[in-house]
Amino acid sequence: MIRKNNLKKALRWGMVGGGKGSQIGDSHRDAAARDRNFELVAGAFDINAERGKVFGVEELGLKEERCYADYKEMFAREAQRVDGIQAVSIATPNSTHYVIAKLALEHDLHVICEKPLSFTSAESEELKAIAEKRNRVFGVMYGYTGYPTIAQACEMVKRGDLGKIRIVHMQFAHGYHAEDVEKNDPALAWRVTPEASGPSYILGDVGTHCLQMGQLISGLEMESLSCMRKSFVESRQLEDDAHVMIKYKNGAVGTLWASGVAIGNTHSFKVEVIGEKGTLRWWDEHPNQIEYAPLGGQFRLLDRGMGYLYDVARFERVGGGHPEGYFDSWANLYRNFALAMDAANRDAQQELAEIWYPGVDDGIEGVRFVERCVESAKKDSAWVTL
């Protein structure tokens, strides 16, 4: 069941950040182009205006006059064009997300933003209020949530296949930053600098992926947490390893481990949801499969694209057996972003409400989670409420 949902006319789209050498910029452009629902027509790609213009013209094929020196110029000048941008993706360092997203919304643009949305939950709530007032879609790039297997896992929990959820285990651990590699890696350097990254490194960078995915699948809401965080690379001001215990409102418990110093791990993003009737496991390095064990039974693999899956999980891009991956997940999200933006443009509120995508509430929850983790860690891992 290969579903195609293409708009009759592509949305005119711009980017802030994501210039030459940006891996995340390439991810956004690949995802947006896959279903031809977005057309990249403008950008402010680099803090170096000339370098950004050369990149936009020579490597992306854009017109020179639509490769701007900065986002302020782009929003102002595009707003004056009859063919100006309708949506923008923000792929810049954390410290800039709030001001760029706020100005984009004030120019009536739909927004797709890297996380975190801001340094404080109050700022994130402000972005939500502006987006709602102007009927703009605000997507947050939790890129791993676009896999069909995640939709299957969510549906299994909703239908009660696991019974009441008791335990949620989450981790995102890699070993790439076990040394002070930021000395020669500008992309990491800003992530471990408080002025650019905010109050957290590893929790904000990968821990929020765990949190969002665990809550998405389990459907649970946090009540309180206790956090222990540490920088094992002594030159860093921000943590490179963190452990969080969580209490959920339904009485369930959870654990979350985020690490950049877990030597031997490449991309161990794993979520395990345990209920009274069964268990689900998902690992992003094997995203085409879920491990599922019913009460009294052994684990079995549920494969993407198979007829035994629930219908909500049958939006594969290629038939079962052919592996889908990271870029497919991103493309699935960009497709939903486009459908939601189109519905909002038509003020089709019922249709909009039926389109799922990681949105501003997910972003707010991530910011609030980091705030509380920092607060808990400063109080010697005291329990704090959300």
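Colleague: Is Arg29 buried or exposed, given its relative accessibility?

Modeller: This is a predicted model, in which local features need pLDDT of at least 70 and side-chain atom pairs count only at pLDDT 80 or more, while totals for chains, interfaces and linings use all residues. Residues are numbered from 1 along each chain as its sequence is written, and side-chain values use heavy atoms, with hydrogens and water left out. A residue is called buried under 20% relative accessible area, exposed over 50% and partly exposed in between, with a 1.4 Å probe and protein chains only. The relative accessibility of Arg29 is 11%, so this residue counts as buried.

Colleague: In which helix is the place of Arg29?

Modeller: Helices (H or I, at least four residues) and strands (E, at least two) are DSSP runs, numbered from the N terminus. Arg29 falls within residues 23-34, which form helix α1.

Colleague: Which residues does Arg29 touch, not counting those up to four places away in sequence?

Modeller: Contact here requires heavy atoms within 4.5 Å. With residues up to four places away set aside, Arg29 touches Trp13, Met15, Gly18, Gly19, Leu40, Phe45, Phe55 and Leu60.

Colleague: How many helices and strands does the protein have, and why is it as compact as a globular protein of that length?

Modeller: The secondary structure comes to 12 helices and 14 strands. The radius of gyration is taken over C-alpha atoms, and the globule rule is 2.2 Å times the number of residues to the power 0.38. For 386 residues the rule gives 21 Å, and the protein is as compact as a globular protein of that length because its radius of gyration is close to that value, at 21 Å.

Colleague: What percentage of the contacts with a separation of 6 or more is between residues 24 or more positions apart?

Modeller: Buried residues make up 54% of the 386 residues. Among contacts with a separation of 6 or more, the share from residues 24 or more positions apart is 69%.

Colleague: How far apart are the mean positions of the positive and negative charges?

Modeller: Lys and Arg count as positive and Asp and Glu as negative, whereas His and the chain ends are not counted. Each charge is placed at NZ of Lys, CZ of Arg, CG of Asp or CD of Glu. The protein has 46 positive and 55 negative charges, and their mean positions are separated by 4 Å.

Colleague: Which side chain does a polar contact join to that of His177, and what is the distance?

Modeller: His177 is located in the loop between β6 (165-173) and α7 (186-189), and at 13% relative accessibility it counts as buried. Residues that His177 touches include Leu188, Val233 and Gly260. A polar contact is a pair of N or O atoms within 3.5 Å; within protein, one must be able to donate a hydrogen and the other to accept it, and residues adjacent in sequence count only if both atoms are side-chain atoms. The side chain of His177 has such a contact with that of Tyr201, at 2.3 Å.

Colleague: Which residues are in contact with Glu182, leaving aside neighbours within four places in sequence?

Modeller: Glu182 also lies in the loop between β6 and α7. Its relative accessibility is 13%, so Glu182 counts as buried. Beyond its neighbours within four places, Glu182 is in contact with Leu188, Ala189, Val192, Ser235 and Arg236.

Colleague: What distance in space separates Gly175 and Trp190, C-alpha to C-alpha?

Modeller: Gly175 is placed in the loop between β6 and α7 and, at 18% relative accessibility, counts as buried. Its contacts, leaving aside neighbours within four places in sequence, include Gly260 and Asn265. Gly175 and Trp190 are 15 residues apart in sequence, and their C-alpha distance is 18 Å.

Colleague: Which residue does a cis peptide bond join to Lys115?

Modeller: The residue in question is found in the loop between β4 (110-113) and α5 (121-133). With omega at about 0°, the cis peptide bond joins Lys115 to Pro116.

Colleague: What is the phi of Asp347, a residue other than glycine?

Modeller: Asp347 sits in the loop between α10 (326-345) and α11 (349-353). At 52% relative accessibility, Asp347 counts as exposed. Its phi is positive, near 55°.

Colleague: What is the phi of Ser381, which is not a glycine?

Modeller: The loop between α12 (360-378) and β14 (384-385) holds Ser381. At 24% relative accessibility, Ser381 counts as partly exposed. The phi of Ser381 is positive, at about 70°.
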